[in-house]
Amino acid sequence: MIKAEVFNTTHITPMTDRKKILILDPSPAFRHTLRTLIESGQQHLDIAEADDAAAAKRALQEDVPDILLIDIALPDDNGIGLIETLKKMAPEVTIIVLTSHDSAEHEHHSLERGADYFLSKERSNCANLLDIMRTAHGQRHRQTGNGAQ
């Protein structure tokens, strides 16, 4: 599980504009924990949750998030294959794989299919995840011209 004990909000620069995040993970407990950790270090967030591939596809059709956090172990689909589908549905979304299945092979296939980042639930910490989310969102704003550099 992602390590919360190294998370320190005093070292985190808050995000300045509203971000949309979709958490796709089959575990309600993990989704709740991740949401709580993200919200404790960030402001101006709209966080949606999905527990399977079908719910994630519906969520993307309704409102494209800035960032999608996805576990590749899903009950109704192959998460690695789903990455490619979701990226086709919303090419501008930043996809961060956050999984317990953190082999080099899974990482390679996830990135090859369109994931932007690949993190281990066991070896990553919240501060690292938030830094990646800030970096990813900042790059997107520069690419689309929606924010100052």
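Student: In this protein, what share of the contacts with a separation of 6 or more comes from residues 24 or more positions apart?

Tutor: The model is a predicted one. Its elements run β-α-β-α-β-α-β-α-β-α from the N terminus on. Among contacts with a separation of 6 or more, residues 24 or more positions apart account for 69%.

Student: How many helices and strands does the protein have, and what percentage of its residues count as buried?

Tutor: The secondary structure comes to five helices and five strands. A residue counts as buried under 20% relative accessible area. Of the 149 residues, the buried share is 45%.

Student: Why do the buried residues of α3 line one face of the helix?

Tutor: The buried residues of α3, which spans residues 79-89, are Gly79, Ile80, Leu82, Ile83, Leu86 and Lys87. Seen down the axis of α3, these residues line one face because they fall within an arc of 145°.

Student: Which residue caps the N-terminal end of α3?

Tutor: The cap uses a side-chain oxygen placed 2.8 Å from the backbone nitrogen of Ile80. Ile80 is also one of the buried residues of α3. The residue that supplies the oxygen is Asn78.

Student: Within what arc do the buried residues of α2 fall?

Tutor: In α2, the buried residues are Ala53, Ala55, Ala56, Ala59 and Leu60. Seen down the axis of α2, they line one face of the helix, because the arc they fall within is 160°.

Student: Which residues are exposed on the other side of α2, and what do its buried residues pack against?

Tutor: On the other side of α2, the exposed residues are Gln61 and Glu62. The buried residues of α2 pack against β1, β2 (45-50) and α3.

Student: Which residue caps the N-terminal end of α2?

Tutor: Here the backbone nitrogen of Ala54 lies 3.3 Å from a side-chain oxygen. That oxygen belongs to the capping residue, Asp52.

Student: Is Ala90 buried or exposed, and which residues does it touch?

Tutor: Ala90 sits in the loop between α3 and β4. Its relative accessible area is 1%, so Ala90 is buried. In sequence Ala90 and Leu60 are 30 residues apart, yet their C-alpha atoms are 7.3 Å apart in space. Not counting residues up to four places away in sequence, Ala90 touches Leu60 and Val64.

Student: Is Ser120 buried or exposed, and with which residues is it in contact?

Tutor: Ser120 has its place in strand β5, residues 117-120. With a relative accessible area of 6%, Ser120 is buried. A polar atom of the Ser120 side chain lies 3.2 Å from the backbone nitrogen of Glu122. Leaving aside neighbours within four places in sequence, Ser120 is in contact with Leu98, Thr99 and Asp102.

Student: How many aromatic pairs does the structure hold, and which residue lies over the face of Phe30?

Tutor: The count of aromatic pairs in the structure is zero. The face of Phe30 does have a residue over it, at 4.0 Å from the ring centre. That residue is Lys121.

Student: What percentage of the accessible surface belongs to carbon and sulfur atoms?

Tutor: The accessible surface of the protein comes to about 7,500 Å². The part belonging to carbon and sulfur atoms is 47%.

Notes
Residues numbered from 1 in each chain as written. Predicted model: local features only at pLDDT ≥ 70, side-chain atom pairs only at ≥ 80, totals over all residues. Heavy atoms only, no water. Buried < 20%, exposed > 50% of the residue type's maximum accessible area, 1.4 Å probe, protein only. Helix = DSSP H or I, 4+ residues; strand = E, 2+ residues; numbered from the N terminus. Arc of directions from axis to C-beta. Polar contact = N/O pair within 3.5 Å; in protein donor to acceptor, adjacent residues only side chain to side chain. Contact = heavy atoms within 4.5 Å. Phe/Tyr/Trp six-rings, centres within 6.5 Å; stacked < 30°, edge-to-face > 60°. Lys NZ or Arg CZ within 6 Å of the ring centre and 35° of its normal. Areas by Shrake-Rupley, 256 points an atom, 1.4 Å probe, with all protein chains shown as cover.
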